[in-house]
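Please read these points with the sequence and the model side by side. They are arranged by topic, and each can be checked on its own.

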Amino acid sequence: MRGIIVKGIGGFYYIKTEDGVIECKARGRFRYDGLSPMVGDNVNITMERNQGVIDEIYPRRSRLKRPAVANVTQALVVFAFNHPEINEDLLNRILISCEYNNLNIIVCFNKMDLPKEKKETEIIDMISNIGYEVLQLKAKEGYGIDSIKEKLKGNVTVLCGPSGVGKSTILNSICRKKLMETGKISEKLNRGKHTTRHSQLIELEEGFVVDTPGFSSLDTSDITAEKLQYCFPEFEEAIGKCKFTGCIHYKEPKCAVKASVENGTINKKRYDFYIKILKEISCKKKYW
Ligand SMILES: Nc1nc2c(ncn2[C@@H]2O[C@H](COP(=O)(O)OP(=O)(O)OP(=O)(O)O)[C@@H](O)[C@H]2O)c(=O)[nH]1
Ligand SMILES: [Mg+2]
Ligand SMILES: [Zn+2]
């Protein structure tokens, strides 16, 4: 029987099939192959006594490490105004990891009913100047949700961002019921309380959506130095115009990317972030 993994908890996977959702275990050999089933995986299962078993995982179209989810086509990257504060480094890391997986990206800033700070306006400007679609939402009131619904059609969309920004609230607003648990922010720490504990794939009228647990750090060092530059869409114009083929836009002379930073076409903060990640990669693999 064929199905799709909608949830995984403690070694059990919940597979949506034609006959409803079936609880399964994975065959031990997957572990030897270093392949673990992920939410979003298309699988073949068989029944052994009363227990479903995953026999086969179909090739993946995309594979995000964090949130761990397979076969999504689009990411709704969610941050909030002030509660919690926007972590710019994390936002940039999520963006490059989604780019690396060729996902369509929509950046949502939620809780626009709360006061906006100058720093936040700058971040929003920076993100929209790159060319990303930016939505400002009041998910609790349902404001901005219709434009999200439009984007869900024909896509498998993953919600990703820190805890407490309103990912589950967005999902509930889309389907107009309390499908997912939501949780208050810790006043003392100005942080979410990790209300969503497991990723879950949900089929809505408009398309598939994956709600995920919030996270505050993301290791991006699986991206290679050669590929990193392509995770910055605003570099695209300049790449190829550098003097040296194979230029990674760091110490090379006559670099078109660096020239674009000089003349303001590329945001200096984004370039600095690029160099920071490049250095992280080079720490793992001696590069120069
Ligand atoms: N002021 C305001 N609060 C909101 C809005 N949307 C969500 N919230 C609140 O933010 C808090 C966190 O919302 P959740 O939906 O649980 O956040 P989450 O991103 O799913 O968090 P995790 O599951 O922990 O990753 C809840 O108290 C929500 O009611 C909004 O538009 N405005
Ligand atoms: Mg949640
Ligand atoms: Zn260059």
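1. Over residues 61-218 the chain is 27% helix and 22% strand, with the end C-alpha atoms 21 Å apart; for residues 70-216 the figures are 29% helix and 22% strand, with the end C-alpha atoms 20 Å apart. Helices (H or I, at least four residues) and strands (E, at least two) are DSSP runs, numbered from the N terminus.

2. Basis of the model. This is a predicted model, in which local features need pLDDT of at least 70 and side-chain atom pairs count only at pLDDT 80 or more, whereas totals for chains, interfaces and linings use all residues. Residues are numbered from 1 along each chain as its sequence is written, chains are lettered from A and ligands numbered from 1 in the order in which they are written, and side-chain values use heavy atoms, with hydrogens and water left out.

3. Helix 2. The 13 residues of helix 2 (residues 88-100) should span 18 Å at 1.5 Å a residue, and the end C-alpha atoms are 18 Å apart, which agrees; the expected span is 1.5 Å times one less than the number of residues. Of these 13 residues, 11 are buried, among them Leu90, Leu91, Ile94 and Leu95; buried means under 20% relative accessible area, exposed over 50%, and partly exposed in between (1.4 Å probe, protein chains only). At the start of helix 2, a side-chain oxygen of Asn87 reaches to within 3.2 Å of the backbone nitrogen of Asp89, and just after the helix Asn102 takes a positive phi of about 55°.

4. Ser168 is buried at a relative accessible area of 7%, and Thr196 is buried at 12%.

5. Ligand 1. Ligand 1 is surrounded by 23 residues, the closest being Asp113, Ser163, Lys167, Thr169 and Thr196; a residue is counted if one of its heavy atoms lies within 4 Å. A backbone N or O atom of Thr195 lies 2.9 Å from an oxygen atom of ligand 1. Taken alone, ligand 1 exposes 670 Å², and the protein buries 91% of that.

6. Backbone details to inspect. The peptide bond from Arg66 to Pro67 is cis, with omega near -10°, and Pro67 sits in the loop between strand 6 (63-64) and strand 7 (69-70). The bond from His83 to Pro84 is also cis, with omega near -5°, and Pro84 is found in the loop between strand 8 (74-80) and helix 2. Arg49, although not a glycine, has a positive phi of about 50°, and at 81% relative accessibility Arg49 counts as exposed.

Definitions and conventions. Polar contact = N/O pair within 3.5 Å; in protein donor to acceptor, adjacent residues only side chain to side chain. Areas by Shrake-Rupley, 256 points an atom, 1.4 Å probe, with all protein chains shown as cover.
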